[in-house]
Amino acid sequence: MFRSHTCGELRQEHVGATVTMAGWVHRRRDHGELIFIDLRDRYGITQVVFDSAVAAAHQVADEARSEYVLQVRGVVRPRPPEAVNPDLATGAIEVEALEATVLNPARTSPLYIAKEGGEDEALRLKYRYLDLRRERMQRNIILRHRVIKFMRDFLDREGFLEIETPILIKSTPEGARDYLVPSRLHPGKFYALPQSPQQLKQLLMVAGFDRYFQIARCFRDEDQRADRQPEFTQLDLEMSFVNQEDVLNLIERLFIALCQTITPHKTLPTPFRRLTYAEAMERYGSDKPDLRYDLELVNLGDVLANTPFQVFQGALERGGQVKGLRAPGCAGFSRKQIDELAELARVGGARGLAWAALPADGGEVRSSFAKNLAPGELEAIIARMGAGPGDLLLLVADTPSVVAAALDRLRRELAARLGLIDPNTLSFAWIVDFPMFEWNPEEERWDAMHHPFTSPRDEDLPLLDSDPGKARAKAYDLVLNGYEVGGGSIRIHRREVQQKVFDLLGISREAAMAQFGHMLEAFEYGAPPHGGIAPGIDRIVMILADESTIREVMAFPKTQQAVDLMTNAPSPVDERQLKELHIQLRP
């Protein structure tokens, strides 16, 4: 056999045993008569000593270099007290080599495996199989395995069945572009890769499988961000005969148990906070607020209702808002620092940033707007915002969406600058009562806020006929540390309601039947009330691993341009393949 023990297994109790190990040369230290090699596999590192008295083994060690694959047979012995390495699980022992074999030599690696080398990410992705040898990357992939296994075991105990759904499905509009797969047997027709198993899991509820889950691969052809990839993995879950409270309670129990088991060193406030969508937008300017710190937004509309300052007055008269954010202890910010914040607000869509610095010594207020206010208005602003000496006040006046986006950016930036973000806290929250629809001014129609299968709240059902913009959905998002990590809803299960929603979304009866006829028909065969959620595994593991992008917790991710640098995908295909698929490329 290649090995009797792994490189992370040996301890004091193994002293005197003859063992066989296999792994990669992590580090090599040549002292002439003695050569020390740290042998590595995914389980750990063991120090192997090659003495010149064992000539054949010493010769192998003399020729070996970093990342050579070696097999070593030797005797476990205790390290001298002064050589014990407390940072290694195997640091109290070493193996005295009796035999050694080079299983495979290695070229000089373009990456420094033994530690993070600070290389460009493109190089890491090109040689991903080498990057994955690093301790941090192996730790992330193992963490991902543990998270998924925990989810499977938990849901199995809760009576859920894991059911696979097809990868080749029908193309339907769900908000992002589909990846299309041409059919060779049916010229001119295409499959689509699933953006989610949404329709299929609802049909499983109609089929009577009342508790379904799947570790589902999903595909969306959309612009990439740090927390997005063209293909990703989610915990897809659906339940029958449930209301919103049932789903939220189950998922909350799942994540509390998961985090307490997988990351017990992190603080986990429970129960999870709950905010309505309107409350989250009002207080934080975001439907995925980071609740590890306060920095709440303050609405100043009533305080400035009669202000002579045209910037504020104009925004309010147009139906907009004037809101502020208190930056505690930041009155000493330089003009350059304030200009940086102003630029950040402009990135969020604001035309400018109004500010006022309240000196810590109680001196004269520095401000970009105070001279334009009526007497007493600045004092009213300071009182409303709960500000005091040493604080910096930041105000934005614009449409509600712009005010929210700009102040959300400022809130996140200030929290980072002021050191308010605790990396060891997992602050989950539920966002509920989302609007059912949002108006699309370009196409002059309603869009679904979540997706078209989301049920309206029972009391808001009449609003679908009278005032759709005020209807609230039985939709909910799970957020964690400023990221949306899961979204779900109670679904529509009655055909007439589903048809009404399609009508509101501007989907003609003919198009609805062509795209969703299978769903509409299924609802006529005894569809039970049902709902579910789909937490994103990549984002959750990213946060648990303290990483900044999901690429760091995926074995083979793509770049932000959706390119696989290792295999050079996407790539051209042979003309013969295109001909078989009845495809002709335009110049």
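Ala, Val, Leu, Ile, Met, Phe, Trp, Tyr, Cys and Pro count here as nonpolar, Asp, Glu, Lys and Arg as charged, and the others, Gly among them, as polar. This is a predicted model, in which local features need pLDDT of at least 70 and side-chain atom pairs count only at pLDDT 80 or more, while totals for chains, interfaces and linings use all residues. Residues are numbered from 1 along each chain as its sequence is written, and side-chain values use heavy atoms, with hydrogens and water left out.

Select Leu125, Arg128, Phe556, Pro557, Asp564, Leu565 and Met566: they line the largest cavity (a set of points on a 1 Å grid over the protein atoms alone where a 1.4 Å probe fits but cannot get out; lining residues have an atom within 4 Å of a point). The lining has five nonpolar, no polar and two charged residues.

Next, select Met151, Ile251, Phe255, Phe428 and Trp430. These have the most contacts inside the largest nonpolar core, which has 46 residues (buried Ala, Val, Leu, Ile, Met, Phe, Trp, Tyr and Cys joined through side-chain atoms within 4.5 Å; buried means under 20% relative accessible area with a 1.4 Å probe, protein chains only). Centre on Phe255; among the residues it touches are Leu268, Phe272, Leu478, Pro535 and Ile540, leaving aside residues up to four places away in sequence (contact means heavy atoms within 4.5 Å).

Finally, show strand E1 (residues 18-30) and strand E4 (residues 69-78), which pair in the antiparallel sense over seven bridges (strands are DSSP E runs of at least two residues, numbered from the N terminus; pairing needs at least two DSSP bridges). Threonine 18 has valine 75 in E4 as its bridge partner.

Methods: On a 1 Å grid over the protein atoms alone, a cavity is a set of points where a 1.4 Å probe fits but cannot get out, and a pocket is an open set with protein on both sides within 12 Å along at least five of seven lines; lining residues have an atom within 4 Å of a point. Buried means under 20% relative accessible area, exposed over 50%, partly exposed in between (1.4 Å probe, protein chains only). Helices (H or I, at least four residues) and strands (E, at least two) are DSSP runs, numbered from the N terminus.
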